[in-house]
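The sequence and structure are shown below.

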Amino acid sequence: MAIDLLNHKLDRAFDHIDASGNGVVEREDLLGLGARMLVGFGESPTSVTGASLVDSFDGIWSALAQALERDGDSGIARHDFRTAMTDAFVTGDRYDPVFRPATVAVAELCDGDKDGEIGLGEFRTMLSAFGVAYDDVDEAFDRLDRAGRGTLTVDGLVAAASEYYRSDDPSATGNWLFGAL
């Protein structure tokens with residue numbers, strides 16, 4: 001059960017990155033996801049926030065390639081993506097130094113006014129970049145808004161990402177990061 005849940009979540013992550021739907025993710029696909037977020041928020045890739053996002057996504061790509069013992073120019077098929085994500089970030093030691101900074105960069109991008117909180121509109125902009133259906137956003141937001149305040153904290157969004165990518169608990173709140181599984 002836990003492996004099936006994790007594979008389902010990783011497959012969904014693969015689909016978020018593989019925007020062309022060709023069954024292979026490449027470095028440009030991951031950077032394209034970052035570019036969609038930057039465009040959605042009107043952020044320049046050369047700003048401090050934008051550069052942090054781009055650099056952290058590039059770091060994820062490098063860690064995936066290293067986990068598969070490949071150069072960074074090779075595409076990654078779904079099955080290999082699962083393997084690399086698991087080896088690098090789920091059971092491996094690369095989550096905190098590589099993946100977590102990327103989730104922080106995404107959450108900070110969502111927090112445009114730097115008040116530590118992310119509203120529904122900002123959350124919707126982020127999920128739109130990931131290709132999440134508009135109708136799934138409200139329920140995802142409500143499930144992640146544990147305090148019922150109508151906002152998510154930057155730290156709460158980072159914690160939800162950790163649960164999504166690393167938890168094998170089927171009832172983990174973070175499983176709602178991209179809508180219902």
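## Accessibility and the glycine position

A residue is termed buried under 20% relative accessible area, exposed over 50%, and partly exposed in between (1.4 Å probe, protein chains only). Gly 156 has a relative accessibility of 31% and therefore counts as partly exposed. Gly 156 belongs to helix α8, residues 154-166; helices (H or I, at least four residues) and strands (E, at least two) are DSSP runs numbered from the N terminus. Between Gly 156 and Gly 116 the C-alpha distance is 9.8 Å, at a sequence separation of 40 residues.

## Basis of the model

The model is predicted: local features need pLDDT of at least 70 and side-chain atom pairs pLDDT 80 or more, whereas totals for chains, interfaces and linings use all residues. Residues are numbered from 1 along each chain as its sequence is written, and side-chain values use heavy atoms, leaving out hydrogens and water.

## Packing of α3 and α5

Helix α3 (residues 48-67) packs on helix α5 (residues 95-110) at about 150 degrees, with the axes 8 Å apart; axes are lines fitted to C-alpha atoms, for helices over the stretch in contact, and angles run from 0 to 180 degrees between N-to-C directions. The two helices are therefore roughly antiparallel, a term for angles over 145 degrees.

## Annotated spans

An unreviewed UniProt entry lists "domain: EF-hand" for residues 5-40 and 108-133; such annotations may be inferred rather than shown by experiment. Residues 5-40 are 75% helix and 6% strand, with end C-alpha atoms 30 Å apart. For residues 108-133 the values are 50% helix, 8% strand and 22 Å.

Key: Angles under 35 degrees count as roughly parallel, over 145 as roughly antiparallel, 65 to 115 as roughly perpendicular and the rest as oblique.
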